Amino acid sequence: MGSARTGPRLPRPEGSDNAARLARLLRFRFRDLGLLRTALTHRSILHEVAQSGDASASTAALTNERLEFLGDAVLGAVAAEYLYALDPDADEGQLTRRRVALVRAETLVRWARESDLGAYLFLGSGERPGEGARDRMLAGAFEAVIGAIALDRGFGAARKFLMRLLEQDAPEILAESE
């Protein structure tokens with residue numbers, strides 16, 4: 001049984017800790033690595049959990065969907081703050097259109113692929129993130145990682161993580177959307 005924050009433990013391949021490897025790649029030290037493990041856990045693994053006989057395992061606690069929800073909200077707030085400061089003359093409609101351009105799935109997939117996030121996901125046997133159809137899985141996992149960072153280290157750490165990405169990529173993304 002896991003902590004109240006991370007829920008029950010999922011079966012993991014021996015000798016494999018995707019979360020620890022990803023944390024090193026991201027250069028981010030988690031206090032509770034279980035949060036990152038949950039962020040990397042796609043719902044497709046639930047079949048294996050059910051077969052393992054863990055009746056106490058809650059679907060919501062096992063998968064990254066709740067962290068994805070949180071990460072989406074954090075991303076929206078940070079993107080809004082970034083855009084608000086970027087252009088003091090922009091009206092609400094302009095800011096909204098730009099925020100939508102910044103937080104769209106294509107941007108999240110791009111960031112997920114830059115960190116090779118798909119290689120770190122805990123997936124069911126038949127699932128593998130590839131081109132096209134799996135992009136939504138990568139976008140959701142990236143949002144879940146943001147949520148995990150926010151819970152583990154606070155909004156400020158998540159903001160710093162995202163601002164680095166926004167400052168690097170927002171000019172190009174915004175130019176493409178105008």
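Aspartate 135 is partly exposed, with a relative accessible area of 24%; buried denotes under 20% relative accessible area, exposed over 50%, and partly exposed the range in between (1.4 Å probe, protein chains only). The side chain of aspartate 135 forms a salt bridge with that of arginine 113, at 2.3 Å from N to O. A salt bridge here is a side-chain nitrogen of Lys or Arg within 4 Å of a carboxyl oxygen of Asp or Glu. Because aspartate 135 belongs to helix 8 and arginine 113 to helix 7, the pair ties together parts that are 22 residues apart in sequence. Arginine 113 is likewise partly exposed, at 32% relative accessibility.

The model is predicted: local features need pLDDT of at least 70, side-chain atom pairs count only at pLDDT 80 or more, and totals for chains, interfaces and linings use all residues. Residues are numbered from 1 along each chain as its sequence is written, and side-chain values use heavy atoms, with hydrogens and water left out.

**Salt bridges**

The structure contains twelve salt bridges. Three of them are set out below.

| Aspartate 135 | Arginine 113 | 2.3 Å |

Glutamate 143 is buried, with a relative accessible area of 4%, whereas arginine 136 is partly exposed at 48%. Shared partners link Arg110, Glu114, Asp169 and Glu172 into one network of salt bridges.

**Overall fold**

The protein chain has nine helices and zero strands. Helices (H or I, at least four residues) and strands (E, at least two) are DSSP runs, numbered from the N terminus. Of the 178 residues in the chain, 46% are buried. Among contacts with a separation of 6 or more, 69% join residues 24 or more positions apart, a contact being heavy atoms within 4.5 Å.

**The nonpolar core**

A nonpolar core is a set of buried Ala, Val, Leu, Ile, Met, Phe, Trp, Tyr and Cys residues joined through side-chain atoms within 4.5 Å. The largest such core has 51 residues, of which Leu36, Leu40, Leu102, Leu117 and Phe142 touch the most other members. Two or more residues come from each of helix 1 (18-26), helix 2 (33-39), helix 5 (65-86), helix 6 (92-103), helix 7 (105-114), helix 8 (135-153) and helix 9 (155-177). Helix 8 gives the most, with eleven residues.

Beyond its neighbours within four places in sequence, leucine 40 contacts Asn18, Ala19, Leu22, Leu117, Tyr120, Leu121, Phe122 and Val145. The buried residues of helix 1 are Asn18, Ala19, Ala20, Leu22, Ala23 and Leu26, and they pack against helix 2, helix 8 and helix 9. Just after helix 1, arginine 27 adopts a positive phi of about 55°.

Phenylalanine 161 lies in helix 9 and is buried, with a relative accessible area of 6%. Leaving out residues up to four places away in sequence, phenylalanine 161 touches Leu26, Phe142, Ile146 and Ile149. The C-alpha atoms of phenylalanine 161 and leucine 26 are 9.2 Å apart, although 135 residues separate the two along the chain.

**Packing of helix 6**

Helix 6 packs against helix 9 at an angle of about 115°, with the axes 9 Å apart. Axes are lines fitted to C-alpha atoms, for helices over the stretch in contact, and angles run from 0 to 180 degrees between N-to-C directions. In this contact, Arg98, Ala101 and Leu102 of helix 6 meet Leu166, Ala170, Ile173, Leu174 and Ser177 of helix 9.

Helix 6 and helix 7 pack at about 40°, with their axes 5 Å apart. Here Ala101, Leu102 and Val103 of helix 6 meet Ala105, Thr107, Leu108 and Trp111 of helix 7.
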